[in-house]
Amino acid sequence: MTSSPLKLSTCVVHLDGRRVDRGDDTLYLSHQEASLLAHLASQAGNAVEREVLFREVLGYTSGANSRALDAAIRRLRQKIEADPSKPTHLLTVYGVGYRLRTSDPAPTRAGLGSFPQWTDAFMGRDELVRTVLEELEEHPLLTLQGPGGVGKTRLACEVLTSWCEANAGATIHLVTVHPTANDAAIASAVVRALALEAREDPSHTVEVALQAQPRALVLDGAEVAVPAVARLVSQWIANIEHSRIVVTSRERLATARERVLWIPPLERTAAAALLRERATAARGGRPWTEHDDPELLQIVARLDGLPLALELAASRAPVFTADQLRLRLADSFEILKRTTPIGPTHHSALQATVAWSWDLLDARERAVLLRLSILEGPFPIETAEALVDAEQTLQIVSDLVAKSLLQPIDGHGRLRMLDTIRAFVRSQAATSPEADTAALERLAAIAHRVPLAPVDRLEGATRALDSGLHTAVHAVLAALQDCPDARQAIVLAEQGRMLLEGEERTRIAIAAVPALIRVGTAMDIERWLRVLLRLDPEDSQLQADLHFAIGRLLQSDRRSDAEAIQHLTRAAELSEGPSRLPILSQLARALLGMDALHDARQVCEHALQLAVHGTLWHARAQAILGSLVLFQEFDLERSNALLLQSASTLRALGNDWAHAATLTHLVELREFEGRLVDAIELAGQCAAMAAHMGCSRTLMHARLQACRPCLTLGRWEEGIERGKQAIRLGERTRHLEVVCKARIVLAEIHSHRTGRHLEALEALQEVLDEANGIVTPGLVAEIHMVRVRVAWQADDTRSVREIVSEMMTSTPHDDPPLHLARTHTTRALALARYDPTQAAESLERAAAHMAELHSDSPMLRAEWHLAAGAIGHHTGEQSDARRHVSRAQILLSELKLGPDSPLGRRMQALRQALD
């Protein structure tokens, strides 16, 4: 049966023939594009979730290749839309998925009175618009409450436009409340907006007009005259039935019959889409590239998802790249201004918007807000009480919440201040008398309550607080050194920097670096790096501390490893004696991450000579050396001894952070030993420790390390979940290598789980393109090996040969024997059915490299025997092939790998071919 053509305003689509007729032009759809369009057409007018399209049309989960759907939608728009950059039929429903609209959008809005006109699209609020419309059905007075710049005015007008369309003859009128207005002035302004005849009592005139016919009235910016607006609307809504009043305010009216809706900032995905769309328009239709996505997400986070801030940032897109804009916003919001004023003054610049709220506060509220502005992230009400220590603190804090300057984030008494508000409030601190001795005492008191090991050192420093500023500095430094909660440590450091000066401020800033590394958010790290770079140390030890701190911060972004090594090397040169130990430990980790194994080993051995046995830095050096022994010599016994001794020492010292980092090395060892279940359990323990400490970097690595054993064991769903968790953490901390590794594993799982090998190859090619020139050669070689295995499963001869060629040219000859053995074994398996001669040559090389190893790897041996069996099968040596398959089966039994595992499947396929 032939389906009817899909008729759009721009074209006619014949889904059966996969043909698009556009006037005299004929375009053709791919099978995937046609299936996607047919599915959307079957739900025409309704939003279809991304996950549904991934599963029912593309046939796999979104975690395997998150851009496949976006690419297909982009291609479809190019074929069916008049202007793909401004689609009218294939629409994005932000935060949900996509919707196909078969009819033309309404060209104009009906029922407009004194009402502003917007020419750009209203984005990211579909669900909220529906909610507000539902509330308007029941309530004649609705207050949209939220912080400045959240988009209350635009939302009110968009909602009432829809309401007027549903209520024939209704008109919309907007009145901005003036700060000096009284009851009569506000009523007179409404009379003018409604185009009514002026009378002696303007308020009564408005009341009669609202009763006479349906009208929609927006009172914008009511926070400047809450009592007057409350009195007027109470009178007006008493008897109206068909009219509606919507108030936008940063503070509720607290009047009868008022329905209040809190308007939150845009969620991350919708905010990024708004920023991208507005920036594209500002750049004359030239969009930022997909490579800018991480920067866009950081800009969104920095601007709290506020639509006004995002639009002001997008107006700078013609001048700045996304990365340049991100860097400027990391330190200041000064550039967020309109070059041409539009609308109210407080909408022309982000700082003016916050200043509008600031000017409405009394002296006590400003003082409390100044103190609370030094708290980063969510904080409990008890912290606010300890820091402020003012009479009626709870009442003042409640008032600040009511005025949208603080936001409750859960039901347990926790609050947060938007970064945009905090930045403005801090800018007012220079003229404030709040940095006094009393503030220092409260700071030390907060530090005193942080749980520590040992606690007595901090208690002693706090008891001696009356000796002055120096002791307060030591109290904070002691808290920072061992604070188990990384976020709380950063809060303490911010408080110290706000209240201290000179060298004390420098020492606090440097001491906060370990906490920043543990939390690992890119915005925190970059902001703190700028703080450090502005410091001007005089002595060599302080300069060494600065180089060390900057090196650690740069190391958190793997794209800056080379620069981090330069700073760490310089710090080691400037330091003397035991003070070099933490620097050497960090330098060894950086070198290990860059695959500079020889240099890393030299640094570790030097650290072991300087450190006293059983101390923190001796144990850290042992852990790194244990990992180096594993990769360089593959001496499993010695690596195990070093790592277990390091873990035991760190556990005894009570250093959970370093202990968890050592466990990540042990997970790698257990995987190479073939103890895959133990590796997964150990990674779980490590993840639990990291989550308890708030250490997102260690948690990210633990999640990643659980992926590959799950893949090897055939535990697909568990591997996918761990991989997605690692990707989310890696994207948040901008750790590209972790994201790449997780995507590699997910692609291979997708290949085995669904049999869609070509899609997995596309995903791996995408990872390779993004990682090229940024991640280490070792990871590039790993990508090639996985690509070869997937192409081999797909029986894609051309791809196998091309990838093998790339793999061999990108593999350094001085790689450790373990890496070379794995590379040649993979190459032998790939070429077994295509070029048995070259495959046998690679197998011999793999055997030679395996002989160089100090220990035996059952996993590597099983892979080697399977490759040898495949070569024997394709060369006609059936007896040799069966012998190798039998040995591989014994090894897989020892490894507890069942028939559903990748190696088990490979063995079963080879056995069936031999039979």
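Here's a quick briefing on the nonpolar cores, the aromatic pairs and a couple of helices in this structure. Keep in mind that the model is predicted. The largest nonpolar core holds 125 residues, and a second, separate core has 76. On the ring side, the count comes to three aromatic pairs.

**Nonpolar cores**

- In the largest core, the residues that touch the most other members are Leu628, Phe634, Leu666, Ile744, Leu818, Leu843 and Leu897.
- Helix H35 (residues 736-754) supplies the largest share of this core, with ten residues.
- Looking past its neighbours within four places in sequence, Ile744 is in contact with Arg708, Leu764, Val767, Leu779, Ile783 and Val786.
- As general background, nonpolar side chains in soluble globular proteins tend to be buried together.

**Aromatic pairs**

- Three aromatic pairs turn up in total.
- Trp358 and Phe424 make an edge-to-face pair, at 6.0 Å centre to centre with 75° between the planes.
- Trp358 sits in helix H13 (residues 350-358) and Phe424 in helix H17 (residues 419-427), so this pair ties together parts that are 66 residues apart in sequence.
- Both Trp358 and Phe424 are buried.
- Phe631 and Phe672 have ring centres 5.9 Å apart and planes at 90°; that angle is over 60 degrees, so the pair counts as edge-to-face.
- Because Phe631 belongs to helix H29 (residues 616-632) and Phe672 to helix H31 (residues 656-673), their pair ties together parts that are 41 residues apart in sequence.
- Phe631 has 15% relative accessibility, so it counts as buried, and Phe672, at 17%, counts as buried too.
- Ring pairs also bring in Phe634, linking Phe631, Phe634 and Phe672 into a cluster.
- Phe634 shows up in the core list as well, among the residues touching the most other members of the largest core.

- Thr205 lies in helix H7, which covers residues 202-212.
- Is Thr205 buried or exposed? Its relative accessible area is 10%, under the 20% cut-off, so Thr205 is buried.
- Setting aside neighbours within four places in sequence, Thr205 is in contact with Val191, Leu196, Glu197 and Arg199.
- Helix H8 (residues 226-236) has Val226, Ala228, Val229, Ala230, Leu232, Val233 and Trp236 buried.
- What do the buried residues of H8 pack against? Their partners are strands S8 (141-145), S10 (215-220) and S11 (244-249), along with helix H6 (183-193) and H7.

Note on methods:
Residues are numbered from 1 along each chain as its sequence is written. This is a predicted model: local features need pLDDT of at least 70, side-chain atom pairs count only at pLDDT 80 or more; totals for chains, interfaces and linings use all residues. Side-chain values use heavy atoms; hydrogens and water are left out. Helices (H or I, at least four residues) and strands (E, at least two) are DSSP runs, numbered from the N terminus. Buried means under 20% relative accessible area, exposed over 50%, partly exposed in between (1.4 Å probe, protein chains only). Contact means heavy atoms within 4.5 Å. A nonpolar core is a set of buried Ala, Val, Leu, Ile, Met, Phe, Trp, Tyr and Cys residues joined through side-chain atoms within 4.5 Å. Rings of Phe, Tyr and Trp (its six-membered ring) pair if their centres lie within 6.5 Å; planes under 30 degrees apart count as stacked, over 60 as edge-to-face and the rest as tilted.
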